[in-house]
Amino acid sequence: VNDEFLTTAEDSLLRETLLKIKGIGPWSCDMFMMFYLERSDILPIGDLGVRKGIAKVFQIRGKGKGGSLCQKKDAQVVEALLE
């Protein structure tokens, strides 16, 4: 992984490559792409604060514990709301 790859690779390829590195998960990929690479089209639904904010703004209950939005179970619902 070099600087040129990081700045030119498509999101899906970059995510796939970064996830192969031990210790880097989906949340880390999202934060790296948003803040270091300044990609504004990243939706970090793995971030609890983002999910809570979406639930509050759109007044929805998810399939998670206590009606919270679940990263996996409610991913399609969240993405549809934000399109």
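This report walks through the fold, the surface and a few local details of a predicted model.

## Ground rules

The model is predicted, so local features need pLDDT of at least 70 and side-chain atom pairs count only at pLDDT 80 or more, while totals for chains, interfaces and linings use all residues. Residues are numbered from 1 along each chain as its sequence is written, and side-chain values use heavy atoms, with hydrogens and water left out.

## Overall layout

The protein chain has five helices and zero strands, running α-α-α-α-α from the N terminus. Helices (H or I, at least four residues) and strands (E, at least two) are DSSP runs, numbered from the N terminus. Along its principal axes, the C-alpha trace spans about 40 × 25 × 20 Å.

Contact here means heavy atoms within 4.5 Å. Take the contacts between residues at least 6 apart in sequence: 32% of them join residues at least 24 apart.

## Surface and charge

Of the 83 residues in the protein chain, 30% count as buried. Buried is under 20% relative accessible area, exposed is over 50%, and partly exposed is in between (1.4 Å probe, protein chains only). The accessible surface comes to about 6100 Å², and 54% of that belongs to carbon and sulfur atoms. These areas come from the Shrake-Rupley method with a 1.4 Å probe; for residues, only the protein chains shown count as cover.

As for charge, there are 12 positive and 12 negative charges, and their mean positions are 15 Å apart. Lys and Arg count as positive and Asp and Glu as negative, leaving out His and the chain ends. Each charge is placed at NZ of Lys, CZ of Arg, CG of Asp or CD of Glu.

## The buried side of α2

Helix α2 covers residues 11-19, and its buried residues are L14, T17 and L18. Seen down the axis of α2, they fall within an arc of 95°, so they line one face of the helix. That arc is taken from the directions from the helix axis to the C-beta atoms. The buried residues of α2 pack against α1 (3-8) and α3.

I24 sits in the loop between α2 and α3. Leaving aside neighbours within four places in sequence, I24 is in contact with L18, L19 and C29. I24 itself is partly exposed, at 30% relative accessible area.

Rings of Phe, Tyr and Trp (its six-membered ring) pair if their centres lie within 6.5 Å; planes under 30 degrees apart count as stacked, over 60 as edge-to-face and the rest as tilted. By this rule the count comes to one aromatic pair. F32 and Y36 form it, stacked at 5.0 Å centre to centre with 20° between the planes.

Both residues lie in helix α3 (residues 26-36), four residues apart, which is about one turn of the helix. F32 is partly exposed, with 25% relative accessible area, whereas Y36 counts as exposed at 56%.

## Positive phi in two loops

Which loop holds E38? E38 is found between α3 and α4 (48-58). Its phi is near 55°, a positive value in a residue other than glycine. E38 counts as exposed, at 65% relative accessibility.

Q59 has a positive phi of about 50°, and Q59 is not a glycine either. Q59 lies in the loop between α4 and α5 (75-81). With a relative accessible area of 73%, Q59 is exposed.
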